[in-house]
Amino acid sequence: MNKNNPNVLRVFSIFQSLPSEKLGAVFEKLNKQSYPPDHVICSENDVSNSMFFILEGRVLITKSGVPLATLEPGSYFGEMSLLEGKIRDATAVTVEPATLL
């Protein structure tokens with residue numbers, strides 16, 4: 001997978017039907033970030049206006065310290081904070097080295 005090509009977004013369901021020119025415009029707005037294992041990406045009750053797309057690695061989602069899910073590449077999280085302006089409902093921590101948009 002070429003992480004520098006806008007078509008990498010096609011693995012995410014919300015981008016699959018987006019026309020190529022719009023996909024490129026979205027890709028240009030996203031920031032790619034790599035994280036080491038056990039890195040807290042966001043914490044429960046944080047105020048935020050961002051969401052994350054997993055390109056590589058796995059991310060553990062917990063609420064009050066209870067594991068809820070382990071997300072894989074092609075998954076995304078944080079959309080409720082972005083779309084509805086809500087505080088974070090859960091904490092997201094990398095399980096292994098991870099690259100996110």
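Two exercises on a predicted model follow, each with a worked solution.

Residues are numbered from 1 along each chain as its sequence is written, and side-chain values use heavy atoms, without hydrogens and water. Local features need pLDDT of at least 70 and side-chain atom pairs count only at pLDDT 80 or more, while totals for chains, interfaces and linings use all residues.

**Exercise 1.** Find where Thr94 lies, and decide whether Thr94 is buried or exposed.

*Solution.* 
Step 1. Thr94 belongs to strand β7; strands are DSSP runs of E with at least two residues, numbered from the N terminus.
Step 2. Thr94 counts as buried because its relative accessibility is 1%, where buried means under 20% relative accessible area and exposed over 50%, with partly exposed in between (1.4 Å probe, protein chains only).
Step 3. From β7, Ala92 and Thr94 point one way, Thr91 and Val93 the other, and all are buried.
Step 4. A polar atom of the Thr94 side chain lies 2.5 Å from the backbone oxygen of Pro36.

**Exercise 2.** State how β7 is joined to β2 and to β4.

*Solution.* 
Step 1. Two strands pair if DSSP finds at least two bridges between them.
Step 2. Strand β2 (residues 40-42) runs antiparallel to β7, with 2 bridges.
Step 3. Ile61 has Ala92 of β7 as its bridge partner.

Key:
Helices (H or I, at least four residues) and strands (E, at least two) are DSSP runs, numbered from the N terminus. A polar contact is a pair of N or O atoms within 3.5 Å; within protein, one must be able to donate a hydrogen and the other to accept it, and residues adjacent in sequence count only if both atoms are side-chain atoms.
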